[in-house]
Amino acid sequence: MKILSIESSCDETAAAVVENGRKILSSVVASQVEEHKLYGGVVPEIASRRHCEAINAVVRKALTDAQLTLSQIDAIGVTYAPGLIGALLVGVNFAKGLSMATGLPLIPVHHLRSHIAANYLEHPALEPPFLCLVVSGGHSHIVEVTDYTVMKVIGRTRDDAAGEAFDKAARTMGMPYPGGIHLDKAAEQGDPSLFTLPRPKVEGAPYDFSFSGLKTAVINLIHNASQKGETLPVADLSAAFRQTVVNSLSGNFLRAAQDSGYTKLVLAGGVSANSLLRRRMTEECQQRGWSCYYPPLSLCGDNGAMVGAQAYYEYLAGHIADTSLNAYPTMDIAKNHA
Ligand code: KG4
Ligand code: ZN
């Protein structure tokens, strides 16, 4: 089964053709990052406009690259939640139009479920059940994936998402948006022991995260130094920040796995590109005889292929929408589209 899939939840306009949820036939991503960089973050109104401009060509290229025409496609998958509402609506309405014109089934896909599904494209043998750490610019969840469309959140952030914390800390250190990757690179050259940062913890909720205190601590350190006319070593501060975030993410994730008996651990979302998080989880799982999976760097960020992967399993579960499909800025990952 060949699914044409569309993603427009944030600042990438993306489309792909994926076969049977596992094989990428084409994947096209048009990023708007260069424009949002000027403003230090995503400007929702600009994002919606750029999606409108790009979506037609991106979808056409996905078909051309796969050497297919619409008549050879079996279904259309689209991200419908969560995300920027104006941005999501562009993809959803485009997909609805295509579905109406062709009669092809329309499959709504939850954005975080698609981040998890990016792993199915890279690891052919990976199947639920497993425990997944989904870490992106907007979310930090520990999710029990009991089946492809059956999930339960057992840990979540109480304030900032991990990616958001990386981006804000990086911005204060003068790095361009999105700063996560720049902070990660700087941290590779730094010594994390030169700064002591508060270890984020949520009392009474061992799987939950909190990153806002840590973010504020870094911002205060930098501001206090600049008031005294001093500059802090960016590489060392980046290394300390990254280590504290990764200690929290991996610590809670491993504890949740231990408590619930999962030995198959999966990383997903933009922050799963973080080099220390990948190394740490690989080592910790190796020591315990557990398995650890994460997507290739090319599939960690937003893309259409991951939407096509999840759409296949949503289709098999009968989660098909009619043309009344709407987009939603928030949506529980556990909720199935009827
Ligand atoms: O999943 P994603 O592409 O978009 C959302 O759904 O939010 O995640 C983007 C987030 C950004 O905050 C970005 O800075 C972060 O992922 N990110 C990283 C790295 N690469 C991307 N954070 C830390 N280390 C990285 N190497
Ligand atoms: Zn995302």
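In this chain, residues 24 or more positions apart account for 73% of the contacts with a separation of 6 or more, where contact means heavy atoms within 4.5 Å. Keep that figure in mind as we walk through the structure. The model is predicted: local features need pLDDT of at least 70 and side-chain atom pairs count only at pLDDT 80 or more, while totals for chains, interfaces and linings use all residues. Residues are numbered from 1 along each chain as its sequence is written, chains are lettered from A and ligands numbered from 1 in the order in which they are written, and side-chain values use heavy atoms, with hydrogens and water left out.

Let's start with the overall build. The chain has 10 helices and 10 strands; helices (H or I, at least four residues) and strands (E, at least two) are DSSP runs, numbered from the N terminus. Along its principal axes, the C-alpha trace spans about 65 × 45 × 30 Å. A compact globule of 338 residues would have a radius of gyration near 20 Å, and the chain agrees, with 20 Å. That radius is taken over C-alpha atoms, and the globule rule is 2.2 Å times the number of residues to the power 0.38.

What share of the 338 residues is buried? Buried residues make up 54% of them, and buried means under 20% relative accessible area, with exposed over 50% and partly exposed in between (1.4 Å probe, protein chains only). The chain exposes about 13900 Å², and carbon and sulfur atoms supply 51% of this area. Such areas come from the Shrake-Rupley method with a 1.4 Å probe; for residues, only the protein chains shown count as cover.

Now find the zinc ion (ligand 2). His111 (NE2), His115 (NE2) and Asp302 (OD) coordinate the zinc ion at 2.0 to 2.1 Å. Donors here are N, O and S atoms within 2.8 Å of the metal (3.2 Å for Na, K and Ca); water is not among the atoms, so sites may look incomplete. Along the chain, the donors follow the spacing H-x3-H-x186-D. Histidine 111 lies in helix α4 (residues 111-122) and aspartate 302 in the loop between β10 (291-293) and α10 (305-316), so the pair ties together parts that are 191 residues apart in sequence. Histidine 111 is buried, with a relative accessible area of 7%, and aspartate 302 is buried as well, at 16%.

Next, look at strand β9 (residues 264-268), where you will find leucine 267. This leucine is buried, with a relative accessible area of 0%. Leaving aside neighbours within four places in sequence, leucine 267 is in contact with several residues, including Asn119, Cys132, Phe253, Met281 and Tyr293.

Helix α8 (residues 234-260) holds asparagine 252, which counts as buried at 11% relative accessibility. Beyond its neighbours within four places in sequence, asparagine 252 touches Ile142, Pro206, Tyr207, Asp208 and Phe209. Glutamine 258 is also in helix α8, and, with the neighbours within four places again left aside, glutamine 258 is in contact with Arg288 and Trp290.

Finally, glycine 41 sits in the loop between α1 (33-37) and α2 (44-65). Is this glycine buried or exposed? At 16% relative accessibility, glycine 41 counts as buried. Apart from neighbours within four places in sequence, glycine 41 is in contact with His36 and Tyr177. Glycine 41 and proline 206, 165 residues apart in sequence, are 31 Å apart in space, C-alpha to C-alpha.
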